[in-house]
Every structure is written in C-alpha cells, then in structure tokens.
Amino acid sequence: MVDTTLQYLARDKLYEIEKPYSAEFEVGEHDGIQKTNYILSTETVTIHPIEPLDNFELSRNGFCVINEETHVNESEALKCPEVVEAAYLNQLKSILARRFPEYTRLEPLEVVVRKRDPRFPSNELAIITHEQPACLTHSDYSVHGALLQLESSFPGQEKYFENREFDMINVWRPLVGPNDDWPLALCDYTSIEPERDIIAADRLHVDRIGENQLLFPSKQHRWYYIKAQQPQNLLVFRNTDSTGRRAKAFHAAFFNPHSRGPPRQSIEARFVAFR
C-alpha cells in the first residue's frame with residue numbers, strides 16, 4: 001500500500017450557489033474573470049494494490065483489470081499519436097467486444113498519450129510536449145457531458161444514440177512497464193455516496209462546453225492501483241453511463257514515494273459502448 005495525497009474539490013459553500021467550472025484555455029483574468037473556480041483540498045489517503053488483479057468488477061466497482069497483449073510502437077506513439085491511433089483502437093475494440101459481450105457496438109472517441117515531464121508537478125513548466133498526469137479526482141463525463149461528447153464526436157447523428165443505453169469506457173495502460181511513477185488510482189464505487197460526494201462541473205473549451213464530475217473528499221473512499229503495472233495490465237473503467245445509475249470510477253494520478261523508475265509514459269483510449 002502507498003500513503004500519499006490526492007486532490008479533491010473542497011466541500012466549500014461556494015458550490016451551493018455556483019457550479020464548478022474550468023476553462024481549458026488561457027483567459028485574461030480581469031474584471032473578476034477567472035480560469036476556474038475550483039477550491040481544492042489535498043487529502044492524505046492510503047492507496048491499496050489491486051491484488052489479485054481479477055478482484056474487481058466493472059459492474060460492481062466501476063473498474064476492472066484485464067490481461068491482454070496489445071501492440072503499440074512507443075516512440076511513434078510519443079512522437080505522433082495519430083500514426084498508431086487507428087490500429088490501437090481496433091485492437092482494443094476487438095478485446096472489449098470479446099470480454100464484454102453485453103456491448104452490441106463500440107465506437108472509439110479518442111486516444112491520449114501522456115509523458116510526465118521530470119519537472120512535473122512544478123508550476124514552472126514553460127513548454128510541455130505531452131499531456132501531463134491528471135491529479136484531480138474526477139470522472140471524464142457526467143450523463144449530460146456524455147451526450148455533449150457524442151454530439152461533438154458524431155455531429156448530425158443524434159438519432160442513432162438518443163434513447164440508447166451506453167457506457168463511456170476508458171482503457172488505460174503504461175506504454176512501458178513496469179510502471180510505478182505517478183500511477184493511476186481508482187476509487188471503488190461501493191465506497192462512494194453519490195448524492196453527497198459527487199458534483200457535476202463545466203469544462204469550457206474554445207468551441208464547446210463539456211461536463212465532467214468531481215469528487216468531494218470522504219474518509220470512506222477506498223482507492224486502488226496496479227503495483228508495477230505492465231503494458232498488458234489493462235485498466236478498464238466506466239466514466240458514466242446513459243442512465244447515471246451504474247458504477248463509475250473516479251480516478252487521478254498520484255505521487256508514489258516508492259517509485260524508482262523513469263517518468264511515466266501512458267496511453268489511454270476512450271470509447272462509447274452501446275448496449
């Protein structure tokens with residue numbers, strides 16, 4: 001187990017009258033305009049290793065681990081993710097269809113490649129060549145945010161996904177293993193009180209608005225990660241679903257004081273999985 005800290009959204013009275021938001025672009029902070037209204041709370045937590053690796057279920061806990069070989073050229077993925085994206089998504093699509101037969105159709109949304117800058121998490125980073133680990137506890141979409149994402153990803157095709165049941169699924173793994181540097185922690189959904197612990201937040205983009213979900217701190221939360229994660233250890237987790245009732249996995253990268261390896265390199269893929 002690892003004793004460390006995680007960043008939560010603080011249980012502040014501000015959010016009784018104001019919805020959390022964050023702009024994904026630089027704004028001129030004048031006349032009271034701010035890039036975000038997040039008030040963060042750094043909480044001490046214990047993160048437990050997932051042992052055995054098949055100990056969790058997507059339907060109950062919001063995440064699971066499956067062991068499958070996938071093939072990605074690491075240097076190409078870091079240099080130009082678009083080169084490997086199609087082939088990697090096809091590999092995952094086949095794996096997910098075989099492992100989760102409840103899904104009748106899987107459509108890829110995007111691939112994100114991250115490489116931690118050695119200076120991270122310093123605020124002094126000037127030029128960043130890759131996305132950095134995401135440290136705020138969150139899920140990528142709310143129910144409304146999922147619909148907004150589908151409208152953006154599949155414009156004009158609303159009739160094909162409206163009134164359909166679907167899950168928003170992520171598949172996460174390191175590009176190189178074993179990895180213990182800023183690994184991904186996931187919260188067991190059975191330890192969350194949804195009405196009390198979860199709040200929707202706006203994500204403001206230059207050309208659109210998205211909505212994800214953030215987590216308020218609770219001593220009841222149970223966090224897990226894969227120790228010395230290898231590329232074949234695929235973390236599969238649900239961000240949300242069309243009903244809003246299924247288990248979902250709030251997640252965040254965390255500092256691991258026991259890590260002696262190189263800076264993390266990871267690849268994650270996002271899918272909409274129709275039932």
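This is a predicted model: local features need pLDDT of at least 70, side-chain atom pairs count only at pLDDT 80 or more; totals for chains, interfaces and linings use all residues.
Colleague: Let's begin with strand β12. Which residues does β12 span, and is the strand mostly covered or open?

Modeller: Strand β12 runs over residues 233–241 and is mostly covered, with 9 of its 9 residues buried.

Colleague: Which strands pair with β12, and in what sense?

Modeller: Strand β4, residues 63–67, pairs with β12 in the antiparallel sense over 5 bridges. Strand β7, residues 166–174, also pairs with β12 in the antiparallel sense, over 6 bridges.

Colleague: Now the rings, please. What describes a pair of aromatic rings?

Modeller: The distance of the centres and the angle of the planes describe such a pair. A search of the whole structure finds 8 aromatic pairs. Among them, phenylalanine 56 and phenylalanine 63 are stacked, at 4.9 Å centre to centre with 25° between the planes.

Colleague: Are phenylalanine 56 and phenylalanine 63 buried or exposed?

Modeller: Phenylalanine 56 has a relative accessible area of 10%, so it counts as buried. Phenylalanine 63 is buried too, at 0%.

Colleague: Why is the pair of phenylalanine 100 and tyrosine 103 called tilted?

Modeller: Their planes stand at 45°, so the pair is tilted, and the ring centres are 6.2 Å apart. Both phenylalanine 100 and tyrosine 103 are buried.

Colleague: Which residues do ring pairs link into a cluster?

Modeller: Look for Phe56, Phe63 and Tyr224, which ring pairs link into a cluster.

Conventions:
Residues are numbered from 1 along each chain as its sequence is written. Side-chain values use heavy atoms; hydrogens and water are left out. Buried means under 20% relative accessible area, exposed over 50%, partly exposed in between (1.4 Å probe, protein chains only). Helices (H or I, at least four residues) and strands (E, at least two) are DSSP runs, numbered from the N terminus. Two strands pair if DSSP finds at least two bridges between them. Rings of Phe, Tyr and Trp (its six-membered ring) pair if their centres lie within 6.5 Å; planes under 30 degrees apart count as stacked, over 60 as edge-to-face and the rest as tilted.
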